[in-house]
Amino acid sequence: SRLTAAAPDDALAGALEVVSLRRSHHLDEARRRLAHWRAIDPTSNLLRYEAHRLGATDPELWAHLAIDSARVFDLVDQYLALGAFEDALDLLSHNYPAVAAPTSEPGAVSPADDPLVSYYRGYLRQRLGQPSDADFRRASELPLAYVFPHRASSYAVLRGALKANPADGHALFLLGSLHFA
């Protein structure tokens, strides 16, 4: 593709190429390009997740992502930038394993306990025309300790939550924190 031709060593460009090939149902070519790009950057979370989407097994992937919600949100933002809402929703809907200390960072919020994960999931369901109330309700019930929204995508997500429920104090607080940051 033109993107990878302009940046032949850019693994992010390569990962986006793989996403594009998989989403356009060129699965054999996606697998071939995935192997190329994973040789360049075997630690890329996006390439690891794309390998999973293409049928590869990676028993450590979910525990690795569960260590910190930021890893999940990094991937979600990449899919949102591509308009790949179903892929982002798949990531946010996974049942992540619990990660015990000292593997996780002190104060890191796991995806299962992060209200932003539920808000993002509800937002994506809204965008896809699916029921979102349960996700927004769950988000409004989770603790806010150590949750610091800072991503540009969080503005639309939290506004979507407030559109669904203008009285959601958690969404109001998080949106205020986002503006403050």
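Colleague: What makes the crossing of helix 8 and helix 9 left-handed?
Modeller: In a left-handed crossing the near helix is turned anticlockwise from the far one by less than a right angle; clockwise would be right-handed. The crossing of helix 8 and helix 9 is left-handed. This is a predicted model: local features need pLDDT of at least 70, side-chain atom pairs count only at pLDDT 80 or more, and totals for chains, interfaces and linings use all residues. Residues are numbered from 1 along each chain as its sequence is written, and side-chain values use heavy atoms, with hydrogens and water left out.

Colleague: Why are helix 8 and helix 9 called roughly antiparallel?
Modeller: Helix 8 and helix 9 (residues 133–141) pack at about 165°, with axes 8 Å apart. Axes are lines fitted to C-alpha atoms over the stretch in contact, and angles run from 0 to 180 degrees between N-to-C directions. Under 35 degrees is roughly parallel, over 145 roughly antiparallel, 65 to 115 roughly perpendicular, the rest oblique. Helix 8 and helix 9 are therefore roughly antiparallel.

Colleague: Which residues of helix 8 and helix 9 meet?
Modeller: Contact means heavy atoms within 4.5 Å. Helix 8 brings Pro115, Ser118, Tyr119, Arg121, Gly122, Tyr123, Arg125 and Gln126 against Asp135, Phe136, Arg138, Ala139 and Ser140 of helix 9. By class, that contact has five nonpolar, four polar and four charged residues. Nonpolar covers Ala, Val, Leu, Ile, Met, Phe, Trp, Tyr, Cys and Pro; charged covers Asp, Glu, Lys and Arg; the others, Gly among them, are polar.

Colleague: How do you know whether helix 2 and helix 4 are parallel or antiparallel?
Modeller: The axes of helix 2 (residues 11–23) and helix 4 (residues 45–53) cross at roughly 20° and come within 9 Å. The two helices are therefore roughly parallel. Their crossing is left-handed. Ala11, Leu12, Ala15, Leu16, Val18, Val19 and Arg22 of helix 2 meet Leu46, Leu47, Glu50 and Arg53 of helix 4. The contact holds eight nonpolar, no polar and three charged residues.

Colleague: Why are helix 10 and helix 11 called roughly antiparallel?
Modeller: Helix 10 (residues 153–164) and helix 11 (residues 169–180) have axes that cross at roughly 155° and come within 9 Å. The pair is therefore roughly antiparallel. The crossing is left-handed.

Colleague: What makes up the lining of the largest pocket?
Modeller: A pocket, on a 1 Å grid over the protein atoms alone, is an open set of points where a 1.4 Å probe fits, with protein on both sides within 12 Å along at least five of seven lines; lining residues have an atom within 4 Å of a point. The largest pocket has 15 lining residues, with Ala70, Phe73, Asp114, Phe148 and His150 nearest its centre. Helix 6 gives the largest share, three residues. By class, the lining has nine nonpolar, three polar and three charged residues.

Technical notes: Helices (H or I, at least four residues) and strands (E, at least two) are DSSP runs, numbered from the N terminus.
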